[in-house]
Amino acid sequence: MLSKYLPKQAGQAVPVLLSLLAVFVIALAGIAACSESSSEQTVMPPVASETVVVTPSSPVPNDDPNIRGFVTRITTSAESTEILVEYFCPEGASPEYPYDKVLVKLDGNTAVDSDNGTIVNIGSLTVGSTVEVWFSEPSAESYPVLAYGQAVRLITSGDPMNGMTGLPRLAVIGSSKSLAGPLDVDWPSRGYDFSRTMSEMLDSTRGAHITAEPGKALTLNFSSNPKAFTAYRAESQNYYSPKYEIEVGENNEIIVPENASGELFIYVNASWERGTMVYGFAVSIVEPN
């Protein structure tokens, strides 16, 4: 009885084996395709090389940059660094560039040098640095516009740019870095005597925003150490909103209140022998992960 069924079972097994073999071949082809795709992804060029005109070892272009301005915010990831570059047009003058703010993505393929002729790395750029930037065709679908940086020149000497020439700058350092904007300036030696509200400053200075978690520290880093300074917080941009003094710890750290939510608006009053300044910046409170 057993021998009667063996030939039939063997005949049935042939198409089954062929089907399994076909599935195996297709699976191998899929794995190869995935491997090939993965391989292509690992060797894809850096973001800045879409329209690359320079390399890290070649000179930065001698033609006019696409923008010259202050670095007001820096965000770093494993793949790239993003810098927000803002151009401050002098009052009454015609803008030199079509964009006043550009979010520039940099990576290992972005050439970086300084105005003294030396090649530097991206890490040399700090909040408050004056830079000239050459970039690929920007995307105007967002504001600030987004562009891939081809070359950056760090300005280390001379008149850095029109606008806040010669005034001390205040960088705010947390999980990212941002440049606080001037609200009230009395600096006789430079001829500065002006004031504006927090809302006016935040509307014009995109970089003066930072995110932070409740209870986290923010470090206030002055480009020139003041004789004295105090910090205050408010829960509204309104000029007349209540302001509460913030304790300043070691290394010029201020702590975001544990019960903070929404947005906080920080005022920093600082004085030097040559003048006084009030800075401002906004803190968007984010919940911890």
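This is a predicted model: local features need pLDDT of at least 70, side-chain atom pairs count only at pLDDT 80 or more; totals for chains, interfaces and linings use all residues.
Let me begin with the overall layout. The protein chain has two helices and 17 strands, and among its contacts with a separation of 6 or more, 68% are between residues 24 or more positions apart.

Now to the interior. In soluble globular proteins, nonpolar side chains tend to be buried together. Here the largest nonpolar core holds 38 residues, and the members that touch the most other members are L218, L220, F222, V268, Y279, F281 and V283. Several elements give two or more residues to this core, including α2 (198–204), β12 (217–222), β13 and β16 (263–271), while β17 gives the most, with seven residues. Apart from this core lies another one, of 24 residues, with I83, V85, F88 and L125 among them.

Let me look at two residues in more detail. V268, leaving aside neighbours within four places in sequence, is in contact with L170, L220, F222, F229, T230, A231, M277, V278, Y279 and F281. One of those partners, A231, sits in strand β13, which covers residues 228–234, and A231 counts as buried because its relative accessibility is 0%, where the cut-off is under 20%. Not counting residues up to four places away in sequence, A231 touches Y244, E245, I246, V248, I254, Y267 and V268. Finally, A231 and V278 are 47 residues apart along the chain, and their C-alpha atoms are separated by 9.5 Å.

Key: Residues are numbered from 1 along each chain as its sequence is written. Side-chain values use heavy atoms; hydrogens and water are left out. Helices (H or I, at least four residues) and strands (E, at least two) are DSSP runs, numbered from the N terminus. Buried means under 20% relative accessible area, exposed over 50%, partly exposed in between (1.4 Å probe, protein chains only). Contact means heavy atoms within 4.5 Å. A nonpolar core is a set of buried Ala, Val, Leu, Ile, Met, Phe, Trp, Tyr and Cys residues joined through side-chain atoms within 4.5 Å.
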